[in-house]
Amino acid sequence: MNPTLSRPVSIFTEGSPNPNSMKFVVNFELVPAGLSFDYATPADAIVDGKASPLVVALFGFDFVRRVFISGNFVTITKDDETDWDEVVFETKFFLKDYFGEQKPVFSQRTMDTNSTKLEVDSETVQKIKAVLDQYIKPAVESDGGAISFYSFDEPSGTVKVLLQGSCSGCPSSTLTLKSGIENLLTRLVPEVKLVEAEGV
């Protein structure tokens, strides 16, 4: 490999409330602000609009059960049998090598598809998204996961959110959803009466 093509890559790991998930944080952005990608199965990594050569490669490791990419981190969820102590260095080395060689994180089609998403939100939805972005996302991302707005049903006042990364299947995510997120949203946005997780 030509050394001029490589870039300095530093990676550090952070645990998460889900003991099977580990957050691998790199020193540059992987995904543009506001976007995140969740891969629950190897097949997800080749779906049109979210295809990722990196995720295909990560699912090549026997212990990998889920991959989530957002901002400047990759959250990997392992199987129950494997201990992180056995695989964390190998995984870190693989990611450092992959990013150092500037291999693609996403297919070109994925990047093209996700750079042109525009939608017009109602005033209430704008308020909900603002609360999620300012107060809730930073806390969830610090635990290796992500939360994003899914839908708002005006008659019932129900907000649905997507919990991804280490939040998926985490025992404490339901508690977080009800005691933290729902309390905050119902207080700051009076139109909201209930918060549910979509697909959990």
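How many bridges join strand 4 to strand 5? Select residues 64–70 for strand 4 and residues 73–78 for strand 5: six bridges join these two strands, which run antiparallel. Strands here are DSSP runs of E with at least two residues, helices are runs of H or I with at least four, and both are numbered from the N terminus. Two strands pair if DSSP finds at least two bridges between them.

Before you click further, note that this is a predicted model, in which local features need pLDDT of at least 70, side-chain atom pairs count only at pLDDT 80 or more, and totals for chains, interfaces and linings use all residues. Residues are numbered from 1 along each chain as its sequence is written, and side-chain values use heavy atoms, with hydrogens and water left out.

**Stop 1: strands 4 and 5.** Click on Phe-68 and look across to strand 5, where Thr-75 stands opposite. Next, pick Ser-70, which has its place in strand 4. Ser-70 is buried, with a relative accessible area of 5%; buried means under 20%, exposed means over 50%, and partly exposed lies in between (1.4 Å probe, protein chains only). Leaving aside neighbours within four places in sequence, Ser-70 is in contact with Val-31, Leu-35, Ser-36 and Glu-141. Contact means heavy atoms within 4.5 Å.

Stop 2: Now show the five strands, which form an open sheet in the order 1-2-5-4-3 with antiparallel pairing. At the edges you will find strand 1 (11–15) and strand 3 (36–39), each of which pairs on one side only. On average, neighbouring strands of this sheet are turned by 20 degrees against each other, direction ignored. For such angles, axes are lines fitted to C-alpha atoms, for helices over the stretch in contact, and angles run from 0 to 180 degrees between N-to-C directions.

Is strand 2 buried or exposed? Six of its six residues are buried, so strand 2 is largely enclosed by the rest of the structure. Both faces are covered, with Ser-21, Lys-23 and Val-25 buried on one side and Met-22, Phe-24 and Val-26 buried on the other.

**Stop 3: helix 2.** Finally, select residues 84–100 to see helix 2, which lies across strand 1, strand 2 (21–26) and strand 5. Helix 2 runs at about 30 degrees to strand 2.
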